[in-house]
Amino acid sequence: MCDSDVGVAFERSDRVKVEIRTQDLLSYEGDALIVNLFEGVGHPGGATGAVDQALGGSITAAIRRQEFKGKLHERLLLHTFGQLPVVQVLVIGLGKQEEFTLDRVRSASAEAMRQLRAVGVRKVASIVHGAGIGGLQADQAACAVTEGALLGLYRFDRYKKPEENGQKVVQKLTLLECDRAKVPAMEEGVRRGRILAEAVSFARDLVNEPGNILTPSELATRAKKMASGLGLTIKILERADMKKLGMGALLGVAQGSQELPKLIEVSYKGRKGKGTGPRLGLVGKGVTFDSGGISIKPSEGMEAMKGDMAGGAAVLAAIKGIAELKLPVNVTAIVPAVENLPSGTAQRPGDIVKAMNGKTIEVINTDAEGRLILADALCYACDRDLTHLVDVATLTGAVVIALGAVRTGAFTNDAELLRQVKEASEAAGEKIWELPMDDEYAEQIKSDYADMKNVGGRKAGPITGAKLLANFIGKTPWVHLDIAGTAQTEKENGYQVKGATGAMVRTLIYLAMSFAGSGKG
Ligand code: BES
Ligand code: MN
Ligand code: ZN
């Protein structure tokens with residue numbers, strides 16, 4: 001079984017303290033100072049202007065010599081030579097002012113922090129990008145700076161010797177704001193930003209863990225730890241429970257592995273009293289490793305399939321964040337967790353399984369396992385009296401071909417719910433794109449022997465996957481998010497770092513905020 005004691009004595013090397021101070025930035029005495037510049041500005045004003053003056057016009061000079069233009073993520077690192085108490089000043093480019101968004105605040109903050117960590121800075125102060133001439137609300141700007149800083153500094157290094165990269169650690173970020181009236185709002189923003197970033201980090205950690213450590217049982221254990229720490233209700237269904245409920249599709253996938261399947265259900269009741277408020281159900285694919293099963297995948301790149309539980313991680317992380325924010329809304333997260341392996345007990349192509357709602361599925365390809373476990377998990381969710389369902393899954397390689405690593409694929413039976421999800425995704429800076437669900441696509445998954453088959457050929461792969469899921473949600477308003485292309489990334493960019501991204505965690509939290517009626521961004 002899994003042996004997770006490697007993690008017991010583990011100390012994060014990316015834990016940063018964030019505080020707000022009303023202090024003149026020229027008197028800040030840490031290691032470095034972060035200011036910013038919009039593209040095309042020749043003579044910086046405000047905080048950047050004050051620093052420029054203190055440095056004898058070094059920033060203006062760099063702009064004049066076209067060394068620095070303020071393009072998005074462009075950086076100018078200056079030494080102060082005693083002209084300021086800090087050793088270094090970093091000017092981060094914000095891009096064109098007319099293209100400025102909250103998401104650029106997140107990514108600029110991340111890029112600045114990573115650059116300074118790389119040069120060994122431990123104590124850093126930053127102005128709150130966007131709160132001045134950027135024209136953003138103080139709480140939103142402070143939230144975004146915090147989110148960006150913490151997410152950009154995230155690293156997964158628990159299996160590396162500390163001397164390799166744990167040495168360089170940013171300890172403290174001080175946000176400087178001279179207008180006292182803005183401070184309470186900014187403090188609230190920092191608190192929200194930290195909760196959002198820590199939820200994403202929780203998901204990233206789960207996705208980055210290798211399959212030998214993060215088995216279905218270990219995923220359940222970590223969910224339990226998270227839930228009990230927050231006073232949430234948690235229920236774990238075991239194999240015997242699944243048999244009783246008739247979850248034949250989920251059990252068929254699980255039968256090839258020695259690891260026992262788990263169905264994790266976490267509930268948060270933020271809306272007290274009876275009432276008739278919305279009850280949001282979040283369902284996440286939890287395949288802790290996907291080898292493809294008997295329809296085995298090619299070995300090249302197969303290691304990335306340790307992340308095939310990213311949807312499950314996203315819904316657990318979202319409910320964690322929602323509970324920490326104490327949002328007045330009721331949410332249930334459901335994660336079917338299995339390992340998909342080939343063996344003498346594995347299911348075969350041609351097998352027919354029966355899901356909890358009595359519908360039968362012919363398993364043409366054992367590698368299309370996500371839809372099988374979700375079939376039962378969605379049926380289970382429908383029996384829980386939820387008013388809205390959102391599922392998140394690394395479902396198809398085909399969505400990566402269609403949308404790349406830029407946008408998550410979205411599918412729905414309810415335009416209004418999708419509108420809300422879209423709005424939340426925009427607030428989070430996590431892009432989604434709707435794909436169609438015409439009835440004609442269901443033709444492709446008709447089976448000669450069962451109610452449906454689990455693959456529909458090469459055409460419209462992400463859609464036929466979604467069409468199969470649609471058989472298991474009844475009439476409940478539902479959105480399916482296919483994150484196969486967005487759950488992991490190969491390159492560092494803005495607040496994303498190599499490996500797990502934590503895709504859709506913040507979107508789901510923002511969605512819960514809109515359900516709670518606060519609509520805060
Ligand atoms: N987990 C994979 C999808 C995936 C691919 C996620 C690439 C992340 C990156 C899923 O279980 C799968 O194998 N899907 C098959 C479906 C096919 C057999 C219809 C695929 O996409 O090849
Ligand atoms: Mn698969
Ligand atoms: Zn899979």
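UniProt positions are given in the numbering used here, feature names are shortened, and annotations may be inferred rather than shown by experiment. For "binding site" (unreviewed entry), the UniProt record lists Lys285, Asp290, Asp308 and Glu369. These residues are spread over 85 residues of sequence, yet they cluster in space, with a largest C-alpha distance of 11.3 Å.

The model is predicted: local features need pLDDT of at least 70, side-chain atom pairs count only at pLDDT 80 or more, and totals for chains, interfaces and linings use all residues. Residues are numbered from 1 along each chain as its sequence is written, chains are lettered from A and ligands numbered from 1 in the order in which they are written, and side-chain values use heavy atoms, with hydrogens and water left out.

Helices (H or I, at least four residues) and strands (E, at least two) are DSSP runs, numbered from the N terminus. Lys285 sits in the loop between β9 (279–284) and β10 (286–290). Lys285 is buried, with a relative accessible area of 2%. Here buried means under 20% relative accessible area, exposed over 50%, and partly exposed in between (1.4 Å probe, protein chains only). Glu369 is in the loop between β13 and α11. Glu369 is also buried, at 0% relative accessible area.

UniProt also places the feature "binding site" (unreviewed entry) at Asp290, Asp367 and Glu369. These residues span 80 residues of sequence but cluster in space, and the largest C-alpha distance is 8.4 Å. Asp367 lies in the loop between β13 (360–362) and α11 (370–382). A further record entry, "domain: Cytosol aminopeptidase" (unreviewed entry), covers residues 365–372. The end C-alpha atoms of residues 365–372 are 11 Å apart. The span is 38% helix and 0% strand.

Aromatic contacts come next. A pair of aromatic rings is described by the distance of the centres and the angle of the planes. Rings of Phe, Tyr and Trp (its six-membered ring) pair if their centres lie within 6.5 Å; planes under 30 degrees apart count as stacked, over 60 as edge-to-face and the rest as tilted. By this rule there are two aromatic pairs. The ring centres of Phe38 and Phe100 are 5.0 Å apart and the planes stand at 90°, so this pair is edge-to-face. Phe38 lies in the loop between β2 (32–37) and α1 (46–54), and Phe100 in the loop between β4 (88–93) and α3 (102–118), so the pair ties together parts that are 62 residues apart in sequence. Phe38 is buried at 4% relative accessibility. Phe100 is buried at 13%. Phe156 and Tyr159 form an edge-to-face pair, at 5.9 Å centre to centre and 65° between the planes. Phe156 is partly exposed, at 24% relative accessibility. Tyr159 is partly exposed as well, at 38%.

Charges also meet rings. A charge sits over a ring if NZ of Lys or CZ of Arg is within 6 Å of the ring centre and within 35 degrees of the ring normal. Arg204 lies over the face of Tyr154, at 5.2 Å from the ring centre. Arg384 lies over the face of Tyr380, at 4.3 Å from the ring centre.

Axes are lines fitted to C-alpha atoms, for helices over the stretch in contact, and angles run from 0 to 180 degrees between N-to-C directions. Helix α3 packs against α4 (residues 138–153) at about 45°, with the axes 7 Å apart. That angle makes α3 oblique to α4. Angles under 35 degrees count as roughly parallel, over 145 as roughly antiparallel, 65 to 115 as roughly perpendicular and the rest as oblique. Helices α6 (residues 183–208) and α15 (residues 505–516) pack at about 135°, with their axes 9 Å apart. They are therefore oblique to each other.

Backbone angles complete the picture. Most residues other than glycine have a negative phi. His73 has a positive phi, near 70°. His73 lies in the loop between α2 (58–64) and β3 (75–79), and is buried at 18% relative accessible area. Phe81 has a positive phi of about 45° although it is not a glycine. Phe81 lies in the loop between β3 and β4, and is exposed at 77%.
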